[in-house]
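Student: Could you walk me through this structure? I'd like to go from the overall picture down to single residues.

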Amino acid sequence: MADETPNPPPPAVAPPPSDGHLSLAAAVAADKEEESQPPPPEPAPAAAVVTVTVTESESTAKEEEEEGSLSQPPPVKEELPPPPPPPAAVEVKTTSTQEQEVVSAAAVAVAVPPVESEKPTKQIPHSVVSFKEESNLLSDLSDSERRALQELRQLVQEALDTKQFTQKQEGQAEENKEEEREGEISIWGIPLLKDDRSDVILLKFLRARDFKVRDSLLMIKNTIQWRKQFGIDALVNEDLGDEWDKVVFMHGYDREGHPVCYNVYGEFQNKELYAKAFADEEKRDNFLKWRVQFLEKGIRKLDFYPPGVSTLFQVNDLKNSPGPGKRELRLATKQALQLLQDNYPEFVAKQVFINVPWWYLAFYAIINPFLTQRTKSKFVFAGPSKSAETLFKYISPEQVPVQYGGLSVDYCDCNPDFSISDPATEVTVKPATKQTVEIIVYEKCILTWELRVVGWEVSYGAEFVPNAEGAYTVNIQKATKKAPSDEPVVSHTYKVDELGKILLTVDNPTSKKKKLIYRFKIKSFLD
């Protein structure tokens, strides 16, 4: 078995190591890493100097509280580089009347719902050791790893020269005859031993077999034969429909540039969809075929040139997921796990399970002894109340879909003001406090912003305060209580025709910390 074990949870989605259809080029990740400073909040070429201040005070959940009751000390400036010409458009600074409480990302890596008193011993499982992805650069390998890679190269070359990979097997598909005549063998669309990408592929098999060279070679041979028998090259170009697109989909990148694949097990609560996937052996085979095609298309968009991104970030949503008690699911899961672990090694950088239900404890206890420490070190679990916060540890809010607590919507025209590439700011609103984002405008402009508090249960209001003495405050959005069932994101556009400041206020009267996320853009009147 390969070390890389696919999603162990409910079989609905033939989980892991292979979950990926990438919709964006992985090269974007490299570009992001090269940026030494965060980008300015507005990419518009307009010039309108703005200062952003975040202040905190005690919450009073009273509607009659005076709007100007906040006392604000001299702001502490955090200098960011000025935007490119035309002349300075935005300057950002953050201040607080109290020391901001920082929630360690590590502390929420395992987040669970409150434990009921009659079940004091239940805990969602987690790994103590966090997995750190290895480098594929030759210079970063240890001496023993480099020797193993060199030996495997030689054995693969011998196998190519003696046509060991092209020996006819029973049931083998016929589509690769031209490739075999030329003596070229490809895996995931990459010819073996033709360029540096081959080293990344060989390293995946080596790591899956603890750098045991002979075992790695055998795994490569078995994978090549399986790909021929399964007809992978022809499968990639087949039209298998789009009925499963809500079950598994790619959306955005994590903070390290890995494409993110979402597996939504709750979609199988739809009885018709469930029957189409698992009702009988033929339907299970068809679903598995679609899943493999989805994976293959995604893998072929990864960057296998060192040090490119050649793995995926998996998010497994277990909300409303069918339990493991159904026979059809057990059969489908067993088949998928075996196929994926044997033929798609080391394709998962991290496995994050969100909205984890209590029944998963029993399921995890069963499969836990069969998972390697390497595989378990890639797992992160979060209960419903901490799912969004856990995702933000690994994925920026602007990259996280709206349904999971972020700001990103499907690629469409429904949000023309912002895109997945427009950065957002996170602020923790402590219990029983009021948080105010102050945007000081120094030039006339059009200001657009969007804001959300994950789970709401707060009051939100917006106003414009002119600098001119005696001028009236403009109430852009009256302070309104926001319930969890309200629209997850609010947005406004305000034309600033005199100097002043915009105040965005979030009042958290609850005993729970809240995550405030916002971003804004500035346009000139000339745009």
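This is a predicted model: local features need pLDDT of at least 70, side-chain atom pairs count only at pLDDT 80 or more; totals for chains, interfaces and linings use all residues.

Student: Where is the pLDDT below 50?

Tutor: Over residues 1-48 the pLDDT is below 50, although the model still gives this stretch 192 contacts beyond near neighbours in sequence. Residues 124-129 also have a pLDDT below 50, and that stretch has 21 contacts beyond near neighbours in sequence.

Student: And how many helices and strands does the chain have?

Tutor: The secondary structure comes to twelve helices and 16 strands. Of the 527 residues of the chain, 51% count as buried, and among the contacts between residues at least 6 apart in sequence, 81% join residues at least 24 apart.

Student: Let's look at helices, then. At what angle do α2 and α4 pack?

Tutor: Helix α2 (residues 143-161) and α4 pack at an angle of about 105 degrees, and their axes are 10 Å apart. That angle makes α2 roughly perpendicular to α4.

Student: Which residues meet there?

Tutor: From α2 the residues are A148, L149, L152, R153 and V156, and they meet D199, L202, L203 and L206 of α4. Sorted by class, this contact of α2 with α4 has seven nonpolar residues, no polar ones and two charged ones.

Student: What about α5 and α9, how do their axes cross?

Tutor: The axes of helix α5 (residues 213-230) and helix α9 (residues 327-343) come within 9 Å and cross at roughly 125 degrees, and α5 and α9 are therefore oblique to each other. On the α5 side M219, N222, T223, W226 and F230 take part, meeting L339, Q341, D342 and N343 in α9. The residues of this contact between α5 and α9 divide into four nonpolar, four polar and one charged.

Student: What does S198 touch?

Tutor: Leaving aside its neighbours within four places in sequence, S198 is in contact with P191, L192 and L193. In the case of P191, the backbone oxygen lies 3.1 Å from a polar atom of the side chain of S198.

Student: And D199, what is it in contact with?

Tutor: D199 is also placed in helix α4, and at 11% relative accessibility D199 counts as buried. Leaving aside neighbours within four places in sequence, D199 is in contact with L138, L149 and R153.

Student: How many residues apart in sequence are Y305 and D199?

Tutor: Y305 and D199 are 106 residues apart in sequence, yet their C-alpha atoms are 8.8 Å apart in space. Y305 sits in the loop between α8 (281-299) and β6 (312-317), and Y305 is partly exposed, with a relative accessible area of 42%. Beyond its neighbours within four places in sequence, Y305 is in contact with D195, D196 and R197.

Student: New topic, the backbone. Which residues does a cis peptide bond join?

Tutor: A cis peptide bond joins P306 and P307, with omega at about 0 degrees, and P307 is found in the loop between α8 and β6.

Student: Why would anyone point that out?

Tutor: Most peptide bonds are trans, and most residues other than glycine have a negative phi, so exceptions can be pointed out.

Student: Then what is the phi of K163?

Tutor: Phi of K163 is near 55 degrees, a positive value in a residue other than glycine. K163 is found in the loop between α2 and α3 (177-181), and at 44% relative accessibility K163 counts as partly exposed.

Student: And E346, buried or exposed?

Tutor: E346 counts as buried, at 6% relative accessibility. Its place is in the loop between α9 and β7 (348-354), and phi of E346 is near 55 degrees, again a positive value in a residue other than glycine.

Conventions. Residues are numbered from 1 along each chain as its sequence is written. Side-chain values use heavy atoms; hydrogens and water are left out. pLDDT is the predictor's confidence in each residue, from 0 to 100. Contact means heavy atoms within 4.5 Å. A polar contact is a pair of N or O atoms within 3.5 Å; within protein, one must be able to donate a hydrogen and the other to accept it, and residues adjacent in sequence count only if both atoms are side-chain atoms. Axes are lines fitted to C-alpha atoms, for helices over the stretch in contact, and angles run from 0 to 180 degrees between N-to-C directions. Helices (H or I, at least four residues) and strands (E, at least two) are DSSP runs, numbered from the N terminus. Angles under 35 degrees count as roughly parallel, over 145 as roughly antiparallel, 65 to 115 as roughly perpendicular and the rest as oblique. Ala, Val, Leu, Ile, Met, Phe, Trp, Tyr, Cys and Pro count as nonpolar, Asp, Glu, Lys and Arg as charged, and the others, Gly among them, as polar. Buried means under 20% relative accessible area, exposed over 50%, partly exposed in between (1.4 Å probe, protein chains only).
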